[in-house]
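User: I am new to this structure and would like to understand the words used for it. Could you show it to me and take my questions?
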There are 2 protein chains.
Amino acid sequence: MSGTARHDADASPRIDVGGCPLPHHDREVVTLAHGGGGALTRDLIERVFLPALGNPVLLRREDAGIVEIASEVARGGRLAVSTDCHVVQPLVFPGGSIGELAVHGTVNDLVMVGAAPRFLTAGFVIEEGLPITTLSGLVARMGAAASAAGVAVVAGDTKVVERGRGDGLAIVTTGIGIVPGGIALGAAGVRAGDVVIVSGTLGDHGMAVMSVRESLGFEADIVSDSAPLHELVAALLAACPATRMLRDPTRGGLAATLNEIATAAGVGIEIDEAAVPVRPVVAAACEMLGLDPLTVANEGKVVAVVPAESAADALAALRAHPLGRAAVRLGRIVPDHAGVVALATRVGGRRIVPLPIGADLPRIC
Amino acid sequence: MSGTARHDADASPRIDVGGCPLPHHDREVVTLAHGGGGALTRDLIERVFLPALGNPVLLRREDAGIVEIASEVARGGRLAVSTDCHVVQPLVFPGGSIGELAVHGTVNDLVMVGAAPRFLTAGFVIEEGLPITTLSGLVARMGAAASAAGVAVVAGDTKVVERGRGDGLAIVTTGIGIVPGGIALGAAGVRAGDVVIVSGTLGDHGMAVMSVRESLGFEADIVSDSAPLHELVAALLAACPATRMLRDPTRGGLAATLNEIATAAGVGIEIDEAAVPVRPVVAAACEMLGLDPLTVANEGKVVAVVPAESAADALAALRAHPLGRAAVRLGRIVPDHAGVVALATRVGGRRIVPLPIGADLPRIC
């Protein structure tokens, strides 16, 4: 496609200005007219979106993408649907960008209910003035992330808002996946005695974003964990088919996720402070900002509740995958204090881990 | 649910301040903390979203909604998926609001490919400071529109951005529908000689929004046509199973839609200016603002390409439905000037109808 090369700096058409070639489109920005549904919208679609996200369904450019799922549904599959708004600032951070996040956030929500992610839709709300090269770069990262996660972008939409009425770029993705017959994850299966596992260290994503935003000087050392969890969870479910439920501890961190599990299942949870895996540099950054790593967002971790007798198999399966090497047993489900999460502290005490009230870390995903 | 009544002004808890009861929550606004994924997010979900949009799938509150579509797929159905960002300003306008628009825009895109709309997801990007009563009102309108269109909201997400980084509220919806076996609408079926029909008057939505925004004084007379088209199109397809393709002339208006059809099908289109249905008050408003009604957005109209021999049946079916009473034959598909839309003017001339370049009317949907 001829438009493909036009946002590639190396291949860009140049204006010769007295022997000084200028890559003119590098200064091009998104305007309100790009959101008008006319020729400029088409130009943006052909130059930016289709090269990065195109596939046969999207290329048909109908009002809605049409996909075949008959064979999967015939084998007992059900449809899983999830949606996520992404408003992270800055748009690019150590270890990722809003592009990867928009894919991973939604893909992982599908994975948490046991679905195999298949399709994605993407809505872009762009603030007038965003450089088109910035947009192209972020959409390219999004396309690469979608390919890596095995999902096809089958529908999209773009709107442009005036300067000062948006914040660069918001991406809203919706994911569609197939839950295979026989899979029934959920709070209803959780029992006292079950074990609570997390697949790796906590707080990396939130502190990677914050370290840039607050110029903490940790930028080189703290990297977002943003990653698609479909393969990790497939390995877990293969090793431990009796897995009760899964949640990814994103906004609100582990504290919010454990409270959601306790409330949804009507059980108590006890975790060991000494078991909570936090990288020292992340712990140091949290301390500088007065944050609790338990409430900081993750974008590539899963919390699993598994039967006690399968916990060793589950941990082994997680640790055998690159995204689960630091998996640990966090604690257990208890029959007491239904709906409450308790932490056994390092010094032998106990404290309640409350559901966070609001946002210690706004605009983190 | 105890939270249900809390955003109902009549049933609101009041603070007694020296005999002067204040409905305290009427002053409540959305804060960044409401987007943090903690207790305040849960509160917003329980008070605002679930009362208006709740259904058994959403009420399970898993990371992704799970739905059954096996019986429809077994009968040859395929999945249609569409997404739309809604950034209209003002949020409420004559004949509708961003709430209805967020449902109708996405439902109608499904309908245009012949799908029966089934499920919707909703992402809300809220600017800090939006009054919660405003949000509740808009979400209630959205819920009513979803019920009327026969779609269940099966997943949702909310993010909050700082004051000055958004514009009140953006809603991104994704729709999922089932295309019944045997339905294959699309540009590939369009033939020279086919007839182009539109289901009613043009420009009502765009000018309803503009008349408020520009204080034209037409507010009482121009009303958005925002409506779900599933029943109208079902009637059309029943009467005219050979219908070639459908498009809804939203952003960019009829001009953009006809150009899209001409380009996609590789055909020419000729329409008669005298046949283009525009209400006199809409035409007057367009003239005041220097706009062409052909480029103004509609949110409750369908353009259909049908075989000439079925055109009378198609028109009769449309006119028998309340949303299609003003349906007319606009023109026809011609073998010449592929990709070009020509207008036969009232005075006997001919002019080309170009694809609009950009946005005469920003933030219209």
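User: What stands opposite V196(A) in β14(A)?

Analyst: G331(A) stands opposite V196(A) there. This is a predicted model, in which local features need pLDDT of at least 70, side-chain atom pairs count only at pLDDT 80 or more, and totals for chains, interfaces and linings use all residues. Residues are numbered from 1 along each chain as its sequence is written, while chains are lettered from A and ligands numbered from 1 in the order in which they are written.

User: What makes β10 and β14 of chain A a pair?

Analyst: Two strands pair if DSSP finds at least two bridges between them. Strand β10 (residues 195-198) and strand β14 (residues 328-334) of chain A have 4 bridges, in the antiparallel sense, so they meet that definition.

User: Why are β11 and β16 of chain A called edge strands?

Analyst: In chain A, 7 strands form an open sheet with mixed pairing, in the order β11-β13-β10-β14-β12-β15-β16. Both β11 (245-247) and β16 (350-352) pair on one side only.

User: Why are α6(B) and α9(B) called oblique to each other?

Analyst: Their axes (lines fitted to C-alpha atoms over the stretch in contact, with angles from 0 to 180 degrees between N-to-C directions) come within 10 Å and cross at roughly 55°. Angles under 35 degrees count as roughly parallel, over 145 as roughly antiparallel, 65 to 115 as roughly perpendicular and the rest as oblique. The two helices are therefore oblique.
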